[in-house]
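Here is a set of questions and answers on one protein model. Look at the fold and the charged pairs as you read.

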Amino acid sequence: MKLRELAELVNGNVVCCQHKLDTEVEYAFASDLMSDVLTVRVDKLLLITGLANMQAVRTAEMADIQAIIFVRNKTVSEDMINLAEDNGIVLIESPFTMFRASGLLFGKGVKPVY
């Protein structure tokens, strides 16, 4: 699924790297625990989290994650946007819960990691 479609599906607001919205995502991992995220080793991965701080973006950078959806109406800071832009990571804010966002994406064919 393209990030453009994904953002629309979760009623998302793309706040960073709009030029990368044609990037394909195949897998998603939902977690607020970044140490768990670092154990995932797949390509074309999307992170779904409610942890709206620099740690989430730094984790995505280290794990080579293409995009992050911040759920539960979490908003990103200017520092998070700057770091994501430097690393080409798409940031999306969604009003949905993690459960709802994950379910919608799963229903449209995004695969779970496990």
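**Salt bridges, fold and backbone**

The structure holds 3 salt bridges, a salt bridge being a side-chain nitrogen of Lys or Arg within 4 Å of a carboxyl oxygen of Asp or Glu. The model is predicted: local features need pLDDT of at least 70, side-chain atom pairs count only at pLDDT 80 or more, and totals for chains, interfaces and linings use all residues. Residues are numbered from 1 along each chain as its sequence is written, and side-chain values use heavy atoms, leaving out hydrogens and water.

Q: In what order do the elements of the protein run from the N terminus on?
A: The protein has 5 helices and 6 strands. Both are DSSP runs numbered from the N terminus: helices are H or I with at least four residues, strands are E with at least two. The order is α-β-β-α-β-α-β-α-β-α-β.

Q: What is the radius of gyration of the protein?
A: The radius is taken over C-alpha atoms, and the globule rule is 2.2 Å times the number of residues to the power 0.38. For 114 residues the rule gives 13 Å, and the protein comes close to that, so it is as compact as a globular protein of that length. The C-alpha trace spans about 35 × 30 × 25 Å along its principal axes. The radius of gyration is 12 Å.

Q: What share of the residues in the protein is buried?
A: Buried means under 20% relative accessible area, exposed over 50%, and partly exposed in between, with a 1.4 Å probe and protein chains only. The count runs over the 114 residues of the protein. The buried share is 45%.

Q: Among contacts between residues at least 6 apart in sequence, what share joins residues at least 24 apart?
A: A contact means heavy atoms within 4.5 Å. The share that joins residues at least 24 apart is 50%.

Q: Which residue forms a salt bridge with Arg 4?
A: Arg 4 sits in helix 1 (residues 3-9), and its partner is in the loop between strand 1 (13-16) and strand 2 (27-30), 18 residues apart. The closest N and O atoms are 3.3 Å apart, and the partner is Asp 22.

Q: How many residues apart are Glu 26 and Lys 111?
A: Glu 26 forms a salt bridge with Lys 111, with the closest N and O atoms 2.8 Å apart. Glu 26 is in the loop between strand 1 and strand 2, while Lys 111 is in strand 6 (residues 111-112). Glu 26 is partly exposed at 28%, and Lys 111 is partly exposed at 37%. The pair is 85 residues apart.

Q: Which residue forms a salt bridge with Arg 72?
A: Arg 72 lies in the loop between strand 4 (67-70) and helix 4 (78-87), and its partner in the loop between strand 2 and helix 2 (34-37), so the pair ties together parts 40 residues apart in sequence. Arg 72 is partly exposed at 35% relative accessibility. The closest N and O atoms are 2.9 Å apart, and the partner is Asp 32.

Q: Is Asp 64 buried or exposed?
A: Asp 64 lies in the loop between helix 3 (54-63) and strand 4. Its phi is positive, near 55 degrees, in a residue other than glycine. Most residues other than glycine have a negative phi. At 61% relative accessibility, Asp 64 counts as exposed.
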